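I opened this notebook to record what I looked up in the structure. The entries follow the order in which I checked each point.

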Amino acid sequence: MWAVVTVVFFLMRISGDPIDMIYAGDPRPEAVQEAEQLRQDLGLNRAVPIQYVDYLTDVVSLDFGKSIISRREVGTLIAEELPYTLRLAGTAFIISYLIAIPLGVLTAVKRNSAIDYIVQVLSMIGVSIPSFWLGIMMILLFAVRLEWLPALGVGGGDPRYLILPAMTIAIPRIAFMSRFVRGTMLDILNEDYLRTARAKGLASRAVIFKHGLRNALIPIVTVAGVQLGYLVSGSVIIERVFGLPGVGDLLVDSIFSRDFPVTQATVLIIAISIVLTNLFVDLLYVYIDPRLRTD
Amino acid sequence: MTIKTAPSTLPISIAPQAPIKPGFVRQFIRNPQAMIGLIIVLIIIGMAVSADFITTFSPTRPAPRDRFIEPNSLHILGTDQLGRDVFTKMVFGARVSLVVGLAAVTLSALVGSTLGALAGYFGGWVDSIISRLTDTFLAIPGLVLTIGIVSVLGAGLDRLVLAIAVSSWPFYSRLMRSSFIAIKEQQYIEAALSIGVRTPRIMIRHILPNALGPVMVVMTISTAGAILTEAGLSFLGIGLEPSTPTWGRMLAEAQQYIRQYAYLSIFPGLGIMLFTLGFNMLGEGLRDLLDPRQKKR
């Protein structure tokens, strides 16, 4: 965690002074003074090690400073946008697991069949498709041509507005996860203990679900944390496609307006949330796999 | 609190030790997935390289009288809101994607592999430092890290390449490390050591060739990833200068005309998809050939 904070800090500083970038090419004579004032306000005129220590203190006390543009607390800005992103990423996460796990198990059990082949081809396309283009195509098909669903905005929390963006983020993840589940299940279906279970005369459904899927769950849960990372960073672009508010929208806006504290804090918050998820996943193992409890 | 090593963060799974065996080329030709992928990739690379010869239009100069021409025999993919030929823009866009993809992957593979090789071969504190750094970078989602770096460095081809490389080198580092750990225990390495072969030579001549297979697979699939990242950033309008013709920017500009001129939104996306699909298929095909574990299936 500390390491992530440090890396983010130094990467954001490595290219030099953000204030220079804000005022670069500003021809007014008072620009120099304004830049100096801003530099003092933000504490950027001090030595980098001191800035670093200050920064650590601020992060620990959840104080991310003020936005240069709107002068509001960065923490408040992010807290306002976070629920939108979590709702979108969470919905996409649930959709992708609900579809990918059954699909992966099915294709593993019926491997080399027609349905396996079709799913394999589709999922290959699915992992190659740029998500934002998928979003545009969804808008074109379902909103413009068929007029089934609304295309842009949140519509005051109406769930119908969530369907297209959530599906757009979920589809590439379904493609990836179903391949992953298939591979994991195939490895396990080849194991000796499954042959034993079958030889003992257990029904094949019991073998697949009780003995097979249960053991396949560990790697599946492992990638869940990484998946969530992809979902959150996926929503950065998708929020722009569908004109949605959210952390991603905030991040991109802050880059355009050169609102340096907001950019830095947003990147940091996303990074930390992913680290925390992975930590949570590590704890989850113990519940899924009793063998680890003895450690 | 430090970061625990997540068991598997690699986008693909592959055995660390998968040497390229004789007869590889023949196997490759017989693998339909790898061959289709290679053909798609080669066709698009061919178009990108010969962009100046296969089209007579300019990708950037506006032609106000030719705005929004639907696809016809002269403009096979139509023209955009400024009258520029879509096919021409796509061919030049392919060039940008290709350069960014290859440069970013080469840079990250070089840096990551070198660090991973050092960590795996020497172990000890060298390994501790490099592995900790690798884990830290792996913990930050790649796209967000890339966006963060680009926001600081500003727009430009070289900076974008650097930003993508910074967020993707840990994959190579981790892979190379495990390959080197596995291979350095082999008897032939012991034999080489006992007859007095020097360390750099052992690493480069004796271990590296046997560790290259998996790296090639990751490089191929990462090229697809880099192309998608470039397209995504261009779509957002960050990463490259606005004047650069990119598939991502074409899509961003086309979105406001989606109701009247849908073809503007369709073709650039198809281009991106085909290009990444080609690299993904090539990579998956290569992995099947290199990883004997997969053949059981």
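Entry 1, helix 4 of chain B. I found that 27 of the 37 residues of helix 4 of chain B are buried, so the helix is largely enclosed by the rest of the structure. For buried I used 20 or more other C-beta atoms within 10 Å of the residue's own, for exposed 12 or fewer, and for partly exposed the values in between, with C-beta atoms placed from the backbone. Helices are DSSP runs of H or I with at least four residues, strands are runs of E with at least two, and both are numbered from the N terminus.

I noted the basis of the model. It is a predicted model, in which local features need pLDDT of at least 70 and side-chain atom pairs count only at pLDDT 80 or more, whereas totals for chains, interfaces and linings use all residues. Residues are numbered from 1 along each chain as its sequence is written, while chains are lettered from A and ligands numbered from 1 in the order in which they are written.

I then checked the length of the helix. Helix 4 of chain B covers residues 86–122, and at 1.5 Å a residue its 37 residues should span 54 Å; the end C-alpha atoms are 53 Å apart, which agrees. The expected span is 1.5 Å times one less than the number of residues. After helix 4 of chain B comes B:Gly123, with a positive phi near 60 degrees.

B:Thr114 lies in helix 4 of chain B. I counted B:Thr114 as partly exposed because it has 16 C-beta neighbours inside 10 Å. From B:Thr114 to B:Thr146 the separation is 32 residues in sequence and 21 Å in space, C-alpha to C-alpha.

I looked at how helix 4 of chain B packs with helix 7 (residues 157–184) of chain B: the angle is about 35 degrees and the axes are 5 Å apart. Axes are lines fitted to C-alpha atoms, for helices over the stretch in contact, and angles run from 0 to 180 degrees between N-to-C directions. The crossing of helix 4 of chain B with helix 7 of chain B is right-handed, meaning that the near helix is turned clockwise from the far one by less than a right angle.

Buried residues are 50% of the 297 residues in chain B; in chain A, 39% of the 295 residues count as buried.

I recorded 48 residues from chain A and 44 residues from chain B in the contact, two residues being in contact if their C-beta atoms, placed from the backbone, lie within 7 Å. Helix 10 of chain A gives the largest share of the chain A side, twelve residues.

The largest nonpolar core has 146 residues, of which A:Val181, A:Ala271, B:Val144 and B:Leu251 touch the most other members. Such a core is a set of buried Ala, Val, Leu, Ile, Met, Phe, Trp, Tyr and Cys residues joined through C-beta atoms within 7 Å. Leaving out residues up to four places away in sequence, B:Val144 touches A:Ser233, A:Val236, A:Val267, A:Ile270 and A:Ala271.
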